[in-house]
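Hi there,

Here is the structure I promised to pass on to you. Have a look at it first, and then read my notes below.

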Amino acid sequence: MNDPARQRFLEVLGETLGSGTLVKLTLGKHRGSDSTLRTLHARQVILKSGPRVACTWRHETRDIVKNLPSAEALQLFETLLGGDFLDAHLFTQDRVFQFQGATNGKSRFGSHAASDSPAAPPPAAHDREKAHLIPAMTPWLRSLGIVGDHGQPLQGQAHKFRQINKFAEILQGLISDGFKSPESPTAIRVVDMGSGKGYLTFAVASLLGTRATVTGIEQRPELVELCNRVAKEHSIANLRFEVGKIEDTIAGDTRKADVLIALHACDTATDEAIAHGIGSGSRLIVVAPCCQKEVRPRMGDAGPLAPVLRHGIFRERQAEFATDALRTLLLEWSGYRTRAIEFVSTEHTSKNLMIAAVLDESLPKRGDPGPVRDLAGFFGIREQRLADRLGFRLGGGS
């Protein structure tokens with residue numbers, strides 16, 4: 001493939017991999033045979049077996065991760081760039097390099113200072129299992145009681161440390177997907193509804209840096225005071241916390257949240273957060289539902305499931321499924337591409353489902369209502385909070 005712009009990008013990529021200075025590589029504008037594949041992300045890590053390139057193939061509903069030696073990874077990128085993927089962005093700590101492929105032969109190569117674009121944290125120097133996006137030596141982790149002075153998770157906090165980094169890993173991919181166009185804002189407004197002790201809110205602020213302003217909303221004043229004190233102590237200027245309930249905050253704040261997060265918001269508070277995100281045109285909505293109580297008493301016989309739904313545990317689990325499935329379909333009806341992701345549960349709940357929705361301008365704002373009504377009809381559900389907030393009649397009609 002005789003393409004000077006592509007060749008120059010691959011030369012820079014080879015030099016970056018060789019020197020170990022790659023922060024992140026993203027291949028986009030997929031046009032290969034797999035219609036479910038969206039993007040490919042790569043970063044350098046150090047494993048027990050030595051330096052590797054962690055490659056993540058991001059599909060509509062799943063991610064596939066492979067750790068490859070640098071030479072093998074470079075060969076893979078050479079095969080894919082300009083073929084299955086038309087665009088690529090390469091991030092180092094100092095510069096950002098971009099390749100824009102074109103079918104008419106007018107491909108482009110360019111670069112600019114990294115301070116002008118989003119940057120991801122550099123890979124950790126060494127970790128026996130994996131490089132973490134939020135390293136254990138991050139100062140605020142110590143202040144919030146996650147790790148000790150030597151950078152090791154405190155007793156009982158290893159699970160929390162894994163959750164923080166899993167969330168950061170998921171969010172990094174979602175941000176790349178939702179804010180990948182050159183016209184995307186340089187300052188993203190992130191609102192975390194029900195931020196609790198702030199672990200994941202701090203992770204968002206650390207991950208996005210000056211690219212975002214992050215606000216945590218929490219109804220317990222003592223947690224808001226603690227989190228603001230820690231943020232000030234570590235000079236995290238893009239992060240602040242406010243006292244408030246999800247419903248009250250939404251009702252009184254008409255500003256657009258570019259990224260709306262609501263993790264383990266109880267029952268219909270999740271619906272209120274989603275409805276606010278849809279109504280304000282949020283580019284990314286991330287929720288981890290909890291305590292789905294509303295639908296359970298409203299479910300009908302659900303056809304062949306009727307004999308088993310008389311058992312409380314089955315009815316409870318089906319109500320959870322029906323609620324979150326309806327939320328997912330209503331987001332898709334509203335013009336969002338959605339993914340259901342397995343997330344790390346907290347010490348307060350065993351719920352581990354996360355729903356992530358990215359606004360897709362190519363989709364209609366009001367799509368086909370059939371799938372939503374079919375699901376609601378199967379379970380005999382005629383009312384549900386998110387549907388009500390969106391003006392969607394589950395029983396049919398306009």
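**Aromatic rings and their neighbours**

Trp140, Phe202 and Phe241 are joined into a cluster by ring pairs. Rings of Phe, Tyr and Trp (its six-membered ring) pair if their centres lie within 6.5 Å; planes under 30 degrees apart count as stacked, over 60 as edge-to-face and the rest as tilted. This is a predicted model, where local features need pLDDT of at least 70 and side-chain atom pairs count only at pLDDT 80 or more, while totals for chains, interfaces and linings use all residues. Residues are numbered from 1 along each chain as its sequence is written, and side-chain values use heavy atoms, with hydrogens and water left out.

In total, the structure holds seven aromatic pairs. For Phe9 and Phe99, the ring centres are 6.3 Å apart and the planes are at 50°, so this pair is tilted. It links distant parts of the chain, 90 residues apart: Phe9 lies in helix α1 (residues 4–19) and Phe99 in strand β6 (residues 95–100). (Helices, H or I with at least four residues, and strands, E with at least two, are DSSP runs numbered from the N terminus.) Both Phe9 and Phe99 are buried, meaning under 20% relative accessible area with a 1.4 Å probe, protein chains only.

Trp333 and Phe392 make an edge-to-face pair, with 4.8 Å from centre to centre and 90° between the planes. Trp333 and Phe392 are buried too.

Charges also meet rings here. The charged end of Lys66 sits over the ring of Trp57, 5.6 Å from its centre (NZ of Lys or CZ of Arg within 6 Å of the ring centre and within 35 degrees of the ring normal). Likewise, Arg283 has its charged end over the ring of Phe179, 5.4 Å from the centre.

Enjoy exploring!

Technical notes. Buried means under 20% relative accessible area, exposed over 50%, partly exposed in between (1.4 Å probe, protein chains only).
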